[in-house]
Amino acid sequence: MVQKAIALPAAPLPFTAIVGLDTARQALLLLAVDPSLAGVAIGAGAGTGKSALVRAFAHMLAGGREFDPTIPWQLVEMPVGVSEDRLLGGIDIEATLATGERVHRSGLLARANGGMLYVDSVNLLDDSTINHILSALDSGVVRVEREGISVVEPARFVLLVTYDPAEGPPRRHLLDRLGLIVAPIGKAPVTTRAEVVRRNLQPDTDYEDDEALVLAGILAARELLPSVTISDEQIQQLSLTALALGIEGHRADLFAVRAARAAAALAGREEVNNDDLELAVRLVMLPRATRLPEMTPEETKSPPPPEPAPPPPSPEHSDDEQRDDEEEKPPQPPEDELTIEELILAAMETDVPPDILETPFTVRRRGRSGSRGTISGQRGRHIRSVPGKPAQGRLDVIATLRAAAPWQRLRAAEYHPHRRGRIHLRADDLHIKKYRSKAGTLFCFLVDASGSMALHRMRQAKGAVNALLQQAYVHRDQVALLAFRGERADLLLPPSQSVELAKRALDVLPTGGGTPLAAALLAAYQISEQARSRGIFRTTIVLITDGRPNVPLKADPTMDKAQRLEQARQEVQQLAGRLRAAGVGAVVIDTQRSFVSRGEAQQLAAWLGGRYVYLPNGRGDQIANAVIAAGEEG
């Protein structure tokens, strides 16, 4: 296959014409001034123009390559579903078939060398793809050791990534390598939205002078950058800020210093000032924060006690002694130097979300979003091709030709002349495709609708189901709902991702009667088996109950109450063991009051081999968090 150059898509609007993304624009300008910042991550909702901003940025930089050839202007876009050979490189099939020798074709990482690699929806990338990108960022090269070739190519590039926060955060290890992170951007005001419409309806407006002015500022800043200085006190101030925000590692400190120097150079200054430090904290440190420092409001601070007036110098003291006393006083900080608290507060007076702890770095501490596991099969993402027969899977024609290409000259000599010019295949050339898809989890809620606490349990289940369904798309999860009362368990909501169906199922539910816990466990087992046949191999049952079964599956009318209770208990124990042997996870939410509980729910969790959570007054979000935590541990 002949390698063709990627034509840069035309930008619908110039870089200076895009409004509503001021912080992202500022981050891109800092990266253009100092590419050692490694990259920019922009988190914004769908349709906010983040992709258009990145492409317009590359078009603008392309105009400056004749003045500064080292400026990273070439933009290579990487699709989310990129294959491994397309990313790293591999054999060029057409050239190999033509020459009879293995010819290497460079991948996207090598082609981005000296320029920019852009990935949209980076949070949806496969882990193996992210690992290859991380390796290239760390080493500056891409190594290809496959299909009989061994190649090392330079791959030094800056990385631009965008993502929609509603689909989950990107991988923390990737963001840690990027110097500038633009926090998720909220809704634009009415004036900004109206201006976006106006500028898109008038694409012929001339922004050439504005573009030239911004580009000239970038080129001037790149020349000034080596002479920009930052004091030791300012470096220490940034390091103290990183500690106050709970930032791990030293990359943030180094990136913040580089960002502050680039900001000063962009403003035409040779010394870093407080405005540059604020911008560095805003773009580098706040998105990496894992905690907020304790800040005391100014009005609650007690004024420092007045210092006593110094005694007048006695005549016995000489001028030299008085001068020595003055030199012993500690140096006072400059009046214009900000404290750590003031620096953080000044940096937060922007479009940074008010809940600073909802950053990708804190979300990752609670569990990996959207990565509950992967399964192999005939569906999903094509990850590799292996030798095999067509009966074992889908034939990969490209991989088959790639395996056969180096041997064509040798094989052609073995055949008659009239068969020359054809492609000669053998059985060991055949390759089949291997796929991998993300494995979602089926959360099967079993709600005890019996007794006086039924309405309270249903409110708990409603909140938990809604909370889980909000993340169902990202995690590929589904939710089912069963309610058990009287003598049976009813399936109110089959496995689904619909929030509306869940609300309707929870709104119409009769309550009261006995507790047929065994019937509920049997129904959950049947649902998990049906889900397995549809490709969902992980099921977690969530039992919201007090754990007191009193209705067996098949009760003998001649039994007394004690015998029925004992039979119901034995059936629950047997079915719990069956679920545990089938690999079904379990979370038991105990809703019984502590003063009347006898530990039945805790015993049920032990039989199921699941997690026991005591939440008699728990809210729906608390139950959802407990369920997600149990799924991550499993």
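**Entry 1: charges over rings**

I began with Arg25, whose charged end sits over the ring of Phe15, 5.6 Å from the ring centre. For a charge to sit over a ring, NZ of Lys or CZ of Arg must be within 6 Å of the ring centre and within 35 degrees of the ring normal. I then looked up Arg65: its charged end sits over the ring of Trp73, 4.4 Å from the centre.

I noted that this is a predicted model, where local features need pLDDT of at least 70, side-chain atom pairs count only at pLDDT 80 or more, and totals for chains, interfaces and linings use all residues. Residues are numbered from 1 along each chain as its sequence is written, and side-chain values use heavy atoms, with hydrogens and water left out.

**Entry 2: the aromatic pair**

Phe15 lies in the segment before H1 and Phe57 in helix H2 (residues 50-62), 42 residues apart, so the pair links distant parts of the chain.

Is Phe15 buried or exposed? Phe15 counts as buried because its relative accessibility is 1%, and Phe57 counts as buried at 1% too. Buried means under 20% relative accessible area, exposed over 50%, and partly exposed in between (1.4 Å probe, protein chains only).

**Entry 3: helix H1**

Helix H1 covers residues 22-33; helices (H or I, at least four residues) and strands (E, at least two) are DSSP runs, numbered from the N terminus. From first C-alpha to last, H1 reaches 17 Å, close to the 16 Å expected, where the expected span is 1.5 Å times one less than the number of residues. I found 10 of the 12 residues of H1 buried, including Arg25 and Leu28.

**Entry 4: the open sheet**

I traced an open sheet of 6 strands in the order S15-S14-S13-S16-S17-S18, with mixed pairing. Strands pair if DSSP finds at least two bridges between them. S15 (488-496) and S18 (611-614) stand at the edges with a single partner strand each, so one side of each lacks a neighbour in the sheet.

S16 (residues 538-545) and S17 (residues 585-590) pair in the parallel sense over 6 bridges. Leu543 has Val588 in S17 as its bridge partner.
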